[in-house]
Amino acid sequence: MEKRVTFKGIWLPLLLVAPQIVITAVFFFYPAGQAIWQSLFIPDPFGLSMQWVGLGNFEFLLSDRFYRASFLTTAIFSILVTVVSMGVALYLAVLADRLIKGSGTYRTLLIWPYAVAPAVAGVLWLFMFNTRVGVVTWYIGLLGYDWNHVLNEGEAMGLVVVASAWGRISYNFLFFLAGLQAIPKSVIEAAAIDGARFWTRFRTIVFPLLSPTTFFLLVVNIIYAFFETFGVIHTITGGGPQQATTILVYKVYADGFVGQDLGSSAAQSVILLLIVSVLTVVQFKYIERRVHY
Amino acid sequence: MATVALENLRKSYGKTEVIHGVDIDIADGEFIVIVGPSGCGKSTLLRMVAGLETVTSGEVRINDRAVNDVEPMDRDIAMVFQNYALYPHMSVFDNMAYGLKIAKVPTDEIKKRVDTAAEILQLEPYLTRRPRELSGGQRQRVAMGRAIVRKPAVFLFDEPLSNLDAKLRVQMRLEIKSLQRDLGVTSLYVTHDQVEAMTLADRMIVMNAGVADQIGKPLDVYSDPATEFVAGFIGSPPTNFLQAKRLGRHIEDGAKIGIRPEHIRLVPQTETDLAGTVVYSEPLGAETLVHLKLLDGQDATVRQDGALPIPAEGETCGLSWEPASEMVFGKGGSRIRS
């Protein structure tokens, strides 16, 4: 039987959930409402007057070549960030799980990058890969490759993906390790006696039993790649070269705050909101079916 | 069908040795039970046979082949775990078929074998269910099924019944015994429960702190224990140990006389030198357990027929037994035979 605490009145429970509701209202519902409202207008650059345009902002956006390109960029970017950060994290977690000596040190060191703010992480990577003074650029140069993410679109994308994924590996690693350690050892031993070698065990036992963790991380990482990577992109490439790394959320910023087109920016926010909602619903509806709790 | 031999088997974790050399030759089809209290190394011993623990020194042989460095999967064994270790994301059928699929047994052969096992274990209605939808006893059967479909040379059981309730445990015990008899597969069974050990074993190994104190047929072990530990561990209530010196015997310093509760008779105080006051009696119907405090302060338990009068608390009784039923143990706990 599930234990439930029942309250006599309505005021105490209301009071207890109030902080969360207030925060959600002030920082989510109010701005989201504002965005939806503003997306229907074109304000003048000084914010003194607004002109009603209905869905005009959306019509313009969807026919905009650059905006559509940004969709593709976002898709490529978020898939790469998710796959790289989850893949590397899983690999490290599997190794750490097999470790007997020094696993504590190993774990602590792996968690550190998570404490680095995205913008700082961006600057770190920027310095390493700086086209003139970067250490890594210099070494790559010695190997005969001319690294220049300021001009090369592929290299710019690669760099922001790696920088974004890097800090995320720690987070994913923690969850994967916890997930691995929650799998009963005897189940793995039973599989070993049943004749499954390491990779077969991983494929048929460990990975399926890890699926709740994997699914959770998938949802969280995609949302991360969509929104929280702003700092990394802003410091490393500024969306360039030629918008090659302008993901949707960066375009919201670039069009709204740099280009001062607040109506279009608000419309983009609304579209972004819809995309993430749909993505999350799809994930829960279709992928979660394959999850074994 | 296989023989298993352990030869001076030892296990150390770092500098601490936990198994101090165990030797046994197990005949084909024999049911061996390893029994002992927690921490005596019985599970470690089994896991070394399974290949889940490395062998520090000595040798494990299955069918006269040394398997110390052979992977568990190549030892031709099957193991039933205490928590069953079923694959939670697979159906009962897939749980049982897993090993066969990996061994690339043809599909129709897999189906035939799993169906046969399911029939023996009465699991047919549950083949499509997941383990979490089964009761404890059914999960236990699936674990058994997974072991038998592979037709291994040796069965290993690691306390398979300790997660079941008392009634189910008795039932499953009988099922395991009859299954093992029908299949004739050599089995090693680890338990801390002496009743399981007594009822299942062809021969039992009584482990004490990493040493096999005694290996023998259950009734021989019961009637003729080799050490004080075995005499105290096997049998319920346990053997009474009385200081030999206080009984007026001079054997060696610290020697004890062991006497089983059912061998002591309560007699009028005038007929014997040894007397005690009744602390309390436990009438169990068929028998009565009488707990006494001897006049010199030692404790003793007497098991007597339920039809005999039950002595009242505080009553003083005399204790008497046949000299032949005495067991003498030296200071180190080993048996002294005259």
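**View 1. Packing of helix H5 against helix H7 in chain A of this predicted model.** Helix H5 (residues 118-129) and helix H7 (residues 153-181) of chain A pack at an angle of about 135°, and their axes lie 9 Å apart; the axes are lines fitted to C-alpha atoms, for helices over the stretch in contact, with angles running from 0 to 180 degrees between N-to-C directions. H5(A) and H7(A) are therefore oblique to each other, since angles under 35 degrees count as roughly parallel, over 145 as roughly antiparallel, 65 to 115 as roughly perpendicular and the rest as oblique. On the H5(A) side, A:Ala121, A:Leu124, A:Trp125 and A:Phe129 meet A:Leu159, A:Val162, A:Ala163 and A:Trp166 of H7(A), where contact means heavy atoms within 4.5 Å. The residues of this contact divide into 8 nonpolar, no polar and no charged (Ala, Val, Leu, Ile, Met, Phe, Trp, Tyr, Cys and Pro count as nonpolar, Asp, Glu, Lys and Arg as charged, and the others, Gly among them, as polar).

**View 2. Helix H12 of chain A and its buried residues.** In helix H12 (residues 248-258) of chain A, the buried residues are A:Leu248, A:Val249, A:Tyr250, A:Lys251, A:Val252, A:Asp255 and A:Gly256; buried means under 20% relative accessible area, exposed over 50%, and partly exposed in between, with a 1.4 Å probe and protein chains only. These buried residues pack against helices H3 (65-98), H10 (211-228), H11 (230-236) and H13 (262-287) of chain A. Just after H12(A), A:Gln260 takes a positive phi of about 60°.

View 3. With a relative accessible area of 12%, B:Thr301 is buried. Its side chain makes a polar contact with the side chain of B:His291 at 3.2 Å (a pair of N or O atoms within 3.5 Å; within protein, one must be able to donate a hydrogen and the other to accept it, and residues adjacent in sequence count only if both atoms are side-chain atoms). Leaving aside residues up to four places away in sequence, B:Thr301 touches B:Pro237, B:Asn240, B:Pro261, B:Ile264, B:Val290 and B:His291.

**Notes to the views.** Residues are numbered from 1 along each chain as its sequence is written, while chains are lettered from A and ligands numbered from 1 in the order in which they are written. In this predicted model local features need pLDDT of at least 70, side-chain atom pairs count only at pLDDT 80 or more, and totals for chains, interfaces and linings use all residues, while side-chain values use heavy atoms, with hydrogens and water left out.

Terms used. Helices (H or I, at least four residues) and strands (E, at least two) are DSSP runs, numbered from the N terminus.
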